[in-house]
Amino acid sequence: QVQLVESGGGLVQAGGSLRLSCAASGRDVNNYGWAWFRQAPGKERESVAGIGRSGFRAYPDSVKGRFTISRDKNTIFLQMNSLKPEDTAVYYCAAKVFTMPTTVSSVNFWGQGTQVTVSS
């Protein structure tokens, strides 16, 4: 079992920045890959950043160059720069055993989510 607790969400103006944190605890945390997903109202949950156990990182085109995922021990970060109103969503931290989660169905554990609102 892995427990994930996100923090750092909030309200920011377009063009601004936010840094989300995900504190991971539980057994064998080092055996997991990590990702951040987001879900906007009326839309499907989607991956916005992933990091594998080797440190390999992946981003969709929609956030590439603006979002950066990183890990420091048992905390996973998402640095979000140049935020746009369309980035408004609930952001979730996700874990998958051994590899980076890339789809919703592949995730083993979810955090509770943190709201990010970008005003225009």
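Student: Which side chain meets that of Asp87 in a salt bridge?

Tutor: This is a predicted model, in which local features need pLDDT of at least 70 and side-chain atom pairs count only at pLDDT 80 or more, while totals for chains, interfaces and linings use all residues. Residues are numbered from 1 along each chain as its sequence is written, and side-chain values use heavy atoms, with hydrogens and water left out. A salt bridge is a side-chain nitrogen of Lys or Arg within 4 Å of a carboxyl oxygen of Asp or Glu. At 2.9 Å from N to O, the partner of Asp87 is Arg38.

Student: How many residues apart are Asp87 and Arg38?

Tutor: Strands are DSSP runs of E of at least two residues, and helices are runs of H or I of at least four, numbered from the N terminus. Arg38 belongs to strand E4 (residues 32-39), and Asp87 to the loop between E8 and strand E9 (89-97). The pair therefore links distant parts of the chain, with a separation of 49 residues.

Student: Is Arg38 buried or exposed?

Tutor: Buried means under 20% relative accessible area, exposed over 50%, and partly exposed in between (1.4 Å probe, protein chains only). The relative accessible area of Arg38 is 7%, so Arg38 is buried.

Student: Which residues form the salt-bridge network that includes Arg38?

Tutor: Arg38 also forms a salt bridge with Glu46, the closest N and O atoms being 2.8 Å apart. Glu46 is partly exposed at 35% relative accessibility, whereas both Asp87 and Arg38 are buried. The linked residues are Arg38, Glu46, Arg66 and Asp87.

Student: Which strand pairs with E8 in a hairpin that has two residues between the strands?

Tutor: Two strands pair if DSSP finds at least two bridges between them. Here six bridges join the strands, which run antiparallel, and Leu78 in E8 is the bridge partner of Ile69. Within the hairpin, Lys73 takes a positive phi near 55°. The strand, covering residues 67-72, is E7.

Student: Which residue in E8 stands opposite Ser21?

Tutor: Strand E3 (residues 18-26) pairs with E8 (residues 75-80) in the antiparallel sense, over six bridges. Opposite Ser21 stands Phe77.

Student: Which side chain makes a polar contact with the side chain of Asp61?

Tutor: A polar contact is a pair of N or O atoms within 3.5 Å; within protein, one must be able to donate a hydrogen and the other to accept it, and residues adjacent in sequence count only if both atoms are side-chain atoms. Asp61 lies in the loop between strand E6 (57-58) and E7, and is exposed at 67% relative accessible area. At 3.3 Å, the contact is with Lys64.

Student: What is the radius of gyration of the protein?

Tutor: The protein has zero helices and 11 strands. The radius is taken over C-alpha atoms, and the globule rule is 2.2 Å times the number of residues to the power 0.38. That rule gives 14 Å for 120 residues, and the protein's value is close to it, so the protein is as compact as a globular protein of that length, with a radius of gyration of 13 Å.
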